[in-house]
Amino acid sequence: MDTKEPGHELSRRQVLSTAGLAAVAVPLAVRRSPALVRQADVTGAPGPEQVHVQFGADASSQVAVSWATPAAVSKPRLRLGLASSGFGRQVHADERTYTEALTGEKVWTYHARLHGLHPDTHYVYEVLNDGAAPVSGMFRTGPRGRSGGFRFTSFGDQSIPAPVGQGLGPWTVNAGFIVPAVERLNPLFHLFNGDLCYANVSDAPVATWASFFNNNTRSAANRPWMPCAGNHENEVGNGPQGYLSYQTRFALPDNGSDKFRGNWYAFTVGSIRVISLNNDDVCLQDGAFSAYRRDHVPNYAFNGDNPYINGYSSGQQKRWLERELARASSSDDIDWIIVCMHQVAMSSAHFKGADLGIRQNWLPLFDKYGVDLVVAGHEHHFERTFPVRGVMSGSTLLTPTAQGTNPSLMDTSKGTVHMIIGGGGHSSATPVSAFDMPHDGVLITSIGPGDPQTQHPSITSTEPAPWSAYRDLQTPYGFASFDFVPHEAGGTTSITVTHYGADLGASVYSKRDRFVMRKSLGQRHQHDQLAGAATTS
Ligand SMILES: [Fe+2]
Ligand SMILES: [Fe+2]
């Protein structure tokens, strides 16, 4: 793969040094409670924190930078420039707020959307407001088309590195250790497979989000961290489906729906189309229930709050997905379709289990339109499948059919590879005792009785697991890197995947697994191959 910096730009190390950004640190100034401070002073005003970057729908030209402040501020804005020429362009940031239902705290977020950027280019930026010191970061835009390879990374289920409030939410030191481990690999972007910080089970959800972003800004201020919403982003009471915090804090590519803004979206990076889904819409599992919120959100019962939101979009997400997949699969510019989602279609752990709702709703579309790769989380370990397509003969559980037997080299033109990368840092890692030997697949097939006051229990079945290619029973924490080559000699394109794992309490993430996904480029891409060969060999 080609991860070299472009010749006309400074290296990432040089940029960091030149711009004085070696630590893209969050200023510690003025962490006053937003419940107490409604309006900032012009002098000594609270400044930006929790800075993070996102790609727009076209990663080669669109980026959004987002941050929060502990109180309302004046003239939030971003200064943008190239490392070689300093800051020039200034962009106004939009303010978006929400009030946390549990505590009544108001949260202020700001979002600067940047358009018309140059592809494969390093930019530097500062975010600031009147009366406060600026906070700096940088990002690199994606290459255009098949002009160059790149690396990206992925994990889910991180939580936070230290307890907040009464410590009701999950945390481990690994939730902190994994951030520099990702940053060391210098990915172009990071896919975050849901269950970000578990604010929905915390007694201090606003502080939990702040801890999450302030922990991750070491990397997320320097490269897009692109999320999907997991079941723990559903904070019952915060908006109709509990996603108001998630929706307010991120500025994600438009999906055409104000109501479900950010819940699902897509972007193009190189010749890859990435699609982010919200699986709570289709999952049977009642995964967002929080006894603490039930007991402490004011007027919970009176408001009709309900954490169980299966079917909430009334098919809107599924219709959007089919349109999106049809467009991507017929595009001459797209060679790979990657889905980032939270709950899983296959799992061999007796932990939470895969969900039949995903098999019923998503997998037929993934088969029809040739999705290459799914990255997910929810199960707190690492596991991956062979390419799968279709359903095993006679299977009432819709068990997917494996289309290959080589765990080291996969042809995704034959089926979709599914990866569970759920070891971001949650304190309840999948225990070794959850894995059968030899192993079964575990599937949630229905739920028992429940209501907004009482969580529905999952009802599971087991199945043969010929789809299972590899699982890591040793290291519960980890992430994966993906080295993408848009075209190779012989007319193929590939993604080489490496899984890095670590034990609880260990800061060193070492290589644990490696495999290659490779497929032929279609005839329609031959022209592009020849045209781009000189720049991407
Ligand atoms: Fe999780
Ligand atoms: Fe989850």
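In what order do the 4 strands of the open sheet stand?

1. The order is β4-β3-β7-β8, and the pairing is antiparallel. Strands (E, at least two residues) are DSSP runs numbered from the N terminus, and two of them pair if DSSP finds at least two bridges between them. The edge strands, β4 (86-92) and β8 (135-140), each pair on one side only. On average, neighbouring strands of this sheet are turned by 30 degrees against each other, direction ignored; axes here are lines fitted to C-alpha atoms.

2. This is a predicted model, in which local features need pLDDT of at least 70 and side-chain atom pairs count only at pLDDT 80 or more, while totals for chains, interfaces and linings use all residues. Residues are numbered from 1 along each chain as its sequence is written.

3. Within the sheet, strand β7 (residues 122-128) pairs with β8 in the antiparallel sense over 6 bridges. Val127 stands opposite Val135 in β8.

4. Ser395 lies in the loop between β18 (388-391) and β19 (400-402). The C-alpha atoms of Ser395 and Glu463 are separated by 9.1 Å, although the two are 68 residues apart along the chain.

5. The protein has a mean pLDDT (the predictor's confidence in each residue, from 0 to 100) of 90, and 89% of its residues reach 70 or more. Over residues 1-41, however, the pLDDT is below 50, and over residues 523-537 the pLDDT is also below 50.

How values were computed:
Chains lettered and ligands numbered in written order. Axes fitted to C-alpha atoms, helices over the stretch in contact; angles between N-to-C directions. Contact = placed C-beta atoms within 7 Å.
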